[in-house]
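Me: I would like to learn how to read a structure I have never seen before. Could we go through it feature by feature?

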Amino acid sequence: MARSKPNVVFMLADNVGVGDLSCYGGSVPTPRLDRLAAEGMRFDNFNTEAQCTPTRGAILTGRMPIRTGTFRVPLPGEPGDYGLSPWEYTVADLFHDADYATACYGKWHLGNVPGRFPTDQGFDEWWGISESSDEASYTAHPLYPDDWHRPKILESRRGEAPSEFDDFDLATRPLMDQRITERTIDFMTRSAAQDRPFFVYTSFTNLHPPMIAHPDFADADSAYAADVAELDVRTGQVLDALHDLGLADETIVVWASDNAATEAMGSSSAAWRGKFGGGWEGSIRTPAMIRWPGRVPAGVVTDQIVATYDWLPTLAAMAMESDRVPTDRPIDGLNMSAFMCGESNESGRDDFIFLGSDGEPVSVKWKTMKVHFRVAMSDSWTAPLLQRQIPAIYDLATDPGEEIDLMDTELTVSWVIRSALTPIVALEQSAIEHPHISPGAEFSGYA
């Protein structure tokens, strides 16, 4: 008998550009991901945040990262805590409260102190890294001090402090996604044996540097090709496990990437301008797809705007748990369940604000128009952002490369700036009643 509650598998890749998968025109074959996309809905306009931490915070809370104090990645050695306040209510909290088994495997990047680990934020169990993949190379540097923190792979269960599982270094780095996949499958198998619905957040480490090919993929032309191919295979292994458990039809599967392509890794932004770290479309869009047989129509490709923070209210609605979405704080995500289940042709989202790592707007998308308030001095992801004297306006429908500034060529479209300012002003007004939480703050709720 089918469960009344659907299982949810959310697979999140790291720094996969919108042009990296073959179903998006990529050069490396990704047959399992292509099939997943064909069996459900593929998003061509999925919008992410400026860095890993803000995207992950937005996905898990349904809130813009400026609200939660997670709008940037902390610098190595920066004093103070960071990540999600224990007060935040995550999608894992929501499913746990609905009597789901919950697990997180892989990269966290939303806190590394008690109260801010995954098992403090709604997950029953966790195995992975608290920070980012670049830590794997730290101890390989000859000048790395012996008495400094040595990056570790951690594991924990709800109510317990994390323990060290293994070193996280150049030897264990290429094995991470295999281990993440194995634990995901084991968790699904255990949950199925208990006849309990589950939510698993499978947070892969590819394609984040250092990119080191897993031994099984070492014959690829490059580390980039190897890691894309491995992501495809690991995804397929999770999907095969669902099929073997007889749960494929009862499971919502989401697959997405947290950030855009990176130039140095050789990844692709397809026809869109820019790479990781800027306000251009190639800096914002990533691949994303959803499958739920019999509920999400197959073979749909959409250019409707979808944002990172739309997942929490949407998945809650699909699981018939919308009543658990918090009402004591601003939730920026929209319930797109009707759209994703084929009951509406529109997502309901007309705009998306892209905030820089300083928490200030860089660009705003409204329908097919794009307004840039700031611009990076170069294509480097570390480049300073400069305030434009007059905002630039691009029509993405005819100019995906964002090459023709309509304020230079036409001027008659200056009214579009109002459409871009409207959500910014609304965000500022909302913050009067619900002030943004400062990074690392021990926030306990609004009065």
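Reply: Start with how residues are sorted into classes. Ala, Val, Leu, Ile, Met, Phe, Trp, Tyr, Cys and Pro count as nonpolar, Asp, Glu, Lys and Arg as charged, and the others, Gly among them, as polar. Keep in mind that this is a predicted model.

Me: Which residues line the largest cavity?

Reply: They are F10, I59, L60, V91, F199, Y201, W311, L312 and L315. By class, that is nine nonpolar, no polar and no charged residues. Helix 2, strand 7 and helix 8 each give two or more residues to this lining. Helix 8 gives the most, with three.

Me: What is the volume of the largest pocket?

Reply: The volume of the largest pocket is about 1300 Å³. Its lining has 48 residues. Nearest its centre lie V73, P74, P76, H109 and Y138. Helix 2 (52-61) and strand 5 (152-157) are the elements that give two or more residues to the lining.

Me: Next, the nonpolar core. Which residues have the most contacts inside the largest one?

Reply: The general idea comes first. In soluble globular proteins, nonpolar side chains tend to be buried together. In this model, the largest nonpolar core has 44 residues, and F43, F199, I290, W311 and M340 have the most contacts inside it. Helix 8 (residues 311-318) supplies the largest share, five residues. A second, separate core has 43 residues, including A101, Y224, V238 and L396.

Me: Which residues does M340 touch?

Reply: Leaving out residues up to four places away in sequence, M340 touches M41, F43, I290, V296, P297, V306, W311, T314 and M318.

Me: Is N206 buried or exposed?

Reply: N206 counts as buried, because its relative accessibility is 2%, and buried means under 20%. N206 sits in the loop between strand 7 (198-203) and helix 6 (223-244). Its side chain makes a polar contact with the side chain of R173, at 3.3 Å. Among the residues that N206 touches are A13, D14, D177 and E230.

Me: What is phi of D99, and what is phi of D195?

Reply: Phi of D99 is near 70°, a positive value in a residue other than glycine. D195 is not a glycine either, and its phi is about 55°. D99 lies in the loop between helix 4 (91-97) and strand 3 (101-107). D195 lies in the loop between helix 5 (176-193) and strand 7.

Me: Why does D195 count as exposed?

Reply: D195 counts as exposed because its relative accessibility is 56%, and exposed means over 50%. D99 counts as partly exposed, because its value is 48%.

Conventions
Residues numbered from 1 in each chain as written. Predicted model: local features only at pLDDT ≥ 70, side-chain atom pairs only at ≥ 80, totals over all residues. Heavy atoms only, no water. 1 Å grid on protein atoms, 1.4 Å probe; cavity = no way out; pocket = protein on both sides within 12 Å on 5 of 7 lines; lining within 4 Å. Points joined across faces, edges and corners; volume = space filled by probe spheres on them. Helix = DSSP H or I, 4+ residues; strand = E, 2+ residues; numbered from the N terminus. Buried < 20%, exposed > 50% of the residue type's maximum accessible area, 1.4 Å probe, protein only. Polar contact = N/O pair within 3.5 Å; in protein donor to acceptor, adjacent residues only side chain to side chain. Contact = heavy atoms within 4.5 Å. Core = buried A, V, L, I, M, F, W, Y, C linked by side-chain atoms within 4.5 Å.
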